[in-house]
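Please open the model in your viewer and follow the stops below in order.

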Amino acid sequence: MTLAELGVYVVGRCRRDDACLLWPGAVNTGGRPVFRMACCGTRDPRVVLWTASGRKLKHGHVFSKPSCGEMRCLEPAHQRYMLRTEAIQHAARLGLLSSGLRHSAAIRAGQIRRGKGPKVPEQTVQAMRARYAETANAALVAREFGVHHSYAHRIVKNQARRITTPFDGLRP
Ligand SMILES: [Zn+2]
């Protein structure tokens with residue numbers, strides 16, 4: 001199917017409502033239209049109509065909430081196609097950010113730490129390594145110190161919280 005044919009097909013599925021072209025099909029968890037094709041996975045039907053109408057896709061740009069306010073609207077003239085950073089700022093002003101984006105924005109603003117739980121103190125890291133030297137059992141160390149087993153494993157193997165010396169990187 002060519003792009004033009006795909007565009008005609010998508011428009012054919014839509015319902016005209018005044019100037020809006022409303023997508024009756026699937027939407028994702030954010031309420032954004034999703035076009036599931038049997039042949040080649042999912043596409044954003046807004047992108048299909050945007051490109052089928054001769055408009056260009058630009059790097060780092062996303063479709064923000066359409067100017068008509070209707071999330072299911074595919075009408076290219078109603079799309080607000082903007083830089084992702086602008087779209088996030090805009091959505092933040094409207095209080096529309098998803099929890100994931102709110103989370104990453106809070107990390108950037110220094111309000112919360114990346115990752116889960118408090119940082120393991122340096123003394124505990126040393127004690128874990130000492131215990132591992134005795135037992136050679138990372139799972140046991142994880143249980144005893146209440147640290148996630150994969151993180152404990154990386155600590156005792158000196159992959160996380162690494163001890164480095166001036167000799168690191170030298171060949172033996
Ligand atoms: Zn519209």
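Begin with the zinc ion and select C20 (SG), C68 (SG), C73 (SG) and H78 (ND1), its protein donors, which lie 2.0 to 2.3 Å from it. Donors are N, O and S atoms within 2.8 Å of the metal (3.2 Å for Na, K and Ca); water is not among the atoms, so sites may look incomplete. This is a predicted model, in which local features need pLDDT of at least 70 and side-chain atom pairs count only at pLDDT 80 or more, while totals for chains, interfaces and linings use all residues. Residues are numbered from 1 along each chain as its sequence is written, and side-chain values use heavy atoms, with hydrogens and water left out.

Along the chain, the zinc donors follow the spacing C-x47-C-x4-C-x4-H. C73 is buried at 0%, whereas C68 is partly exposed at 35%.

Next, select E75 and R16, which form a salt bridge with the closest N and O atoms 3.4 Å apart. A salt bridge is a side-chain nitrogen of Lys or Arg within 4 Å of a carboxyl oxygen of Asp or Glu. E75 is buried, at 15% relative accessibility. The structure holds five salt bridges.

Move on to E134 and R131, whose side chains meet in a salt bridge at 2.8 Å, N to O. E134 is exposed, with a relative accessible area of 60%, and R131 is partly exposed at 25%.

Terms used
Buried < 20%, exposed > 50% of the residue type's maximum accessible area, 1.4 Å probe, protein only.
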